[in-house]
Amino acid sequence: GISRIACARLRHKLMSAQDAAGLIPSGVTVGMSGFTGSGYPKAVPMALASRIEEAHAAGTPFNVRVWTGASTGPELDGALAKADGIELRLPYNSDPIAREKINRGEMEYLDMHLSQVAPMAWEGFLGKLDMAVIEVSGIRADGTLIPSSSVGNNKTWLDCADKVILEVNRWQNAALEGMHDIYYGTALPPHRVPIPLVRPDDRIGEPVLRCDPEKIVAIVETDSPDRNLPFAPPDANAQAIAGHLLEFFRHEVAKGRLPQSLLPIQSGVGNIANAVLSGLIDSPFDDMTAYTEVVQDGMIDLLEAGKLRMASATAFSLSPDKAAHINENMAFFRDRLILRPQEISNHPELVRRLGCIAMNGLIEADIYGNVNSTHIMGSRIQNGIGGSGDFARNGYISIFMTPSTAKQGKISAIVPQVSHVDHITQDVQVIVTEQGLADLRGLSPKKRADVIIANCAHPDYRDALEDYYNRAKIHSYGQQSPSLLGEALSWHQRFVETGTMRT
Ligand code: 0RQ
């Protein structure tokens, strides 16, 4: 294909991925692009992983600290983790090899709210950023960068890093140009001003990223696809959850608490979130908008069905078929999609102002509505908190959804007490399982427990939860949130010891 590097004075920096990776020394902190499997560098991290493996084979220590937007792909997290090349990783990971290393204690992982990564980097809280490795879809004649299929923290990495390596990926659609909105108005306290975005479709920035050309030490051309994974067709649980949620929305509209077009929807990752989006196709709601993190298949269908007017996000997370479909119909999607930096897509100020409907998955919830999104049995990381906290605390209605059991029924997703807390009861207003929906707004802890056990717990675990709760109401030290401290985590302990929470 033709070169995507229109800037003549940068062309001499073109080199192989191997040579570019050779510019990354051991011990540095590298900010990489990438968010939910899109827009991550694909060649330089692999070359770096080979380099690290060679060093290790020669008995030389070699590792780096890796900051990204969110999850990336096997060519980045997978390859570097496999090479034992990552000392510390932040802020979100879904790679299975990296997950295993983290859970074995061989890799440090810092799980952060996605909206806070860029400001904390600027504030100096995370230490110095030495290098950035950023995928772009092109370099314009004036040296500005056309972002690729995710924006994530790229603006911040390009600004903060001493040295920059660019991957210019020809696989990305050239028509992405103009879809992005990069806001350069963020500042640090005490100089912060309101962010001038009042509607999800407002454009407040520029379509391109800026980068000091002096900092660019290498440019690598690539032609590889994003890690686009197929979605499973919605199973019975996902369909039931979507059904309960749509019924809830209809009820809220009837009560006058939501407009007919709803409010900007935020939808988390995963198959259930995707099923809910699919369910909205046949709903009575029109002219909807999305202000969210990732655009997934379900949103594309809603856009094409004319149900969704536009979607604002920081990244794509599509199946291969949908990615190809968008590429072929870019003219249609260009006007209906906006990709922003994640500090803006997830900004608490904006999520609160817009009144987003936050919909996220969970690992487990307890009878009072505390939610664990990250840790299995209190200690094994699954992915990370991602943007769920940004949206859950600040949304208009904060919804969490999950099947009521996991691991073929051996685990109850509703437990006496969560083994790790990501979202406190005040940040959790609705919990939905395939069993039903618990509307917790305005309820005190004991009323919440009644509704969660009755509406959300699986029948196989409902009696045991009721039994625990009834005894807690007699023997608890206090009666605001009755609990039996010695027994509250016994379900988890039983699973660890016997492989099931069942008695
Ligand atoms: O594990 O794949 O080994 O079978 O967790 O669970 O049911 O496939 O659900 O894909 O929706 O993920 C909370 C992880 C749910 C996700 C979580 C096991 C289960 C399976 C996945 P297997 P499912 P989902 C914006 C929003 C945090 C980030 C976030 C998540 C695996 O939603 O990462 O919200 N959320 N971001 O078996 C033991 C339990 C379990 C359990 C599930 N109670 N005990 N294992 N699992 N519940 C987007 C971004 O931030 C990018």
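**Briefing: ligand shell, annotated sites and a covered helix**

Over residues 10–221 the chain is 24% helix and 19% strand, with the end C-alpha atoms 13 Å apart; helices (H or I, at least four residues) and strands (E, at least two) are DSSP runs numbered from the N terminus. This is a predicted model, in which local features need pLDDT of at least 70, side-chain atom pairs count only at pLDDT 80 or more, and totals for chains, interfaces and linings use all residues. Residues are numbered from 1 along each chain as its sequence is written, and side-chain values use heavy atoms, with hydrogens and water left out.

**Domain annotations**

- UniProt, in an unreviewed entry, lists residues 10–221 as "domain: Acetyl-CoA hydrolase/transferase N-terminal".
- The unreviewed UniProt entry also gives residues 334–468 as "domain: Acetyl-CoA hydrolase/transferase C-terminal"; UniProt positions are in the numbering used here, feature names are shortened, and annotations may be inferred rather than shown by experiment.
- Residues 334–468 are 30% helix and 27% strand, and the end C-alpha atoms of this span lie 54 Å apart.

**Ligand shell**

- The ligand is surrounded by 24 residues, the closest being E293, I363, N383, G384 and G387; a residue is near a molecule if one of its heavy atoms lies within 4 Å of it.
- By class, the shell has 10 nonpolar, 12 polar and 2 charged residues; Ala, Val, Leu, Ile, Met, Phe, Trp, Tyr, Cys and Pro count as nonpolar, Asp, Glu, Lys and Arg as charged, and the others, Gly among them, as polar.
- An oxygen atom of the ligand is 2.8 Å from an N or O atom in the side chain of E293.
- For the side chain of Y92, the distance from an N or O atom to an oxygen atom of the ligand is 3.4 Å.
- A polar backbone atom of I363 is 2.8 Å from a nitrogen atom of the ligand.
- On its own the ligand has 980 Å² of accessible area, of which the protein covers 78%; accessible areas come from the Shrake-Rupley method with a 1.4 Å probe, and for residues only the protein chains shown count as cover.

**Annotated binding-site residues**

- The unreviewed UniProt entry lists I363, N383, G387 and K407 under "binding site". They span 45 residues in sequence, and the farthest two C-alpha atoms are 25.1 Å apart, so they do not all gather at one spot.
- N383 is found in the loop between β19 (380–381) and α14 (388–394), and G387 is found in the loop between β19 and α14.
- Leaving aside neighbours within four places in sequence, N383 is in contact with Y92, N93, S94, R99, Y109 and T374, where contact means heavy atoms within 4.5 Å.
- The side chains of N383 and R99 make a polar contact at 2.8 Å; the term is a pair of N or O atoms within 3.5 Å, and within protein one must be able to donate a hydrogen and the other to accept it, with residues adjacent in sequence counting only if both atoms are side-chain atoms.
- G387 is buried at a relative accessible area of 5%; buried means under 20%, exposed over 50% and partly exposed in between (1.4 Å probe, protein chains only).
- Beyond neighbours within four places in sequence, G387 is in contact with L114, E293 and N346.

- Helix α8 (residues 271–279) is mostly covered, with 7 of its 9 residues buried.
- The cover over the buried residues of α8 includes α7 (236–254), β9 (265–267) and α9 (297–304).
- A118 lies in helix α5 (residues 117–123) and is buried, with a relative accessible area of 0%.
- Leaving aside neighbours within four places in sequence, A118 is in contact with N153, T156 and E343.
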